[in-house]
Amino acid sequence: EPITREVLWSRLLSIVEESESTLVRASFSPIVGEADDHSAALLDRHGNLLAQTPSAMPAFIGILDHTARVLLEHYPPATLQPGDVLTTNDPWICCGHLNDLNVMRPIFYKGELVAFAANTAHLTDIGGQIREFLEILSSRPKLLEVLRGELLEIRNQFATPRRTTIE
């Protein structure tokens, strides 16, 4: 039915636009906030794209679903739990260079995995050996490590990360 479809589509776009707005506010990055070098999306439980922000960088269109499917090959949906986060900056499976970080979080409804929220953003302080950034990492608990060729799963924020290296 066209009216129901349009109402649902408008709701999905509203969700990803709100996610994008939150990403921009939380990033504290002029690259994300002013250059709009980011995107947000909703994916189904198989990693297929449902909705993506209309203002997404052209390079990010269609990337989050590809990245999600690769991540789900390494971390099957049946193994995911509420609070898990999957992330990678591997340029071969996401956006093409190390500074683009993809983050995906499962969405559960009544204990069942129903979808994923995903974001990608260009972050200037990762992807290279910048001394100040390495000092920041070494002075804090390593909650998030971003290394070329590795996928990272963060379980419930403070658990030990489980890494998988892509060959």
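Predicted model: local features only at pLDDT ≥ 70, side-chain atom pairs only at ≥ 80, totals over all residues.
Visitor: Is Asp65 buried or exposed?

Guide: A residue counts as buried when its relative accessible area is under 20%. The relative accessible area of Asp65 is 14%, so Asp65 falls in that class. Arg69, at 34% relative accessibility, counts as partly exposed. For Asp65 the class is therefore buried.

Visitor: Which residue forms a salt bridge with Glu112?

Guide: Side chains of opposite charge can pair when their charged atoms come close. For Glu112, the closest N and O atoms of the pair are 3.1 Å apart. The residue that forms this salt bridge with Glu112 is Arg45.

Visitor: How many residues apart in sequence are the parts that Glu112 and Arg45 tie together?

Guide: Glu112 is partly exposed, with a relative accessible area of 44%, and Arg45 is partly exposed at 38%. Glu112 lies in strand 5, whereas Arg45 lies in the loop between strand 1 and strand 2. The pair therefore ties together parts whose separation in sequence is 67 residues.

Visitor: How many residues of strand 1 are buried?

Guide: In a regular strand the side chains alternate between the two faces of the sheet. From strand 1, His38, Ala40, Leu42 and Asp44 point one way, while Ser39, Ala41 and Leu43 point the other way. Residues on both sides are buried. For strand 1, residues 38-44, the count is seven of seven.

Visitor: Which residue of strand 5 is the bridge partner of His38?

Guide: Strand 5 covers residues 112-122 and pairs with strand 1 in the antiparallel sense. This pairing runs over seven bridges. In strand 5, the bridge partner of His38 is Ala121.

Visitor: Which residue takes a positive phi in the hairpin of strand 1 and strand 2?

Guide: The hairpin has four residues between the strands. A phi near 95° occurs there, and the residue that takes this positive value is Gly47.

Visitor: What pattern does the protein follow along the sequence?

Guide: The protein contains four helices and seven strands. Read along the sequence, these elements give the pattern α-α-β-β-α-β-β-β-α-β-β.

Visitor: What percentage of the contacts with a separation of 6 or more comes from residues 24 or more positions apart?

Guide: Of the 167 residues, 40% count as buried. The protein exposes about 9700 Å², and carbon and sulfur atoms supply 58% of that area. Among contacts with a separation of 6 or more, the part from residues 24 or more positions apart is 51%.

Note on methods. Residues numbered from 1 in each chain as written. Heavy atoms only, no water. Helix = DSSP H or I, 4+ residues; strand = E, 2+ residues; numbered from the N terminus. Buried < 20%, exposed > 50% of the residue type's maximum accessible area, 1.4 Å probe, protein only. Contact = heavy atoms within 4.5 Å. Areas by Shrake-Rupley, 256 points an atom, 1.4 Å probe, with all protein chains shown as cover. Pairing = 2+ DSSP bridges. Salt bridge = Lys/Arg side-chain N within 4 Å of Asp/Glu carboxyl O.
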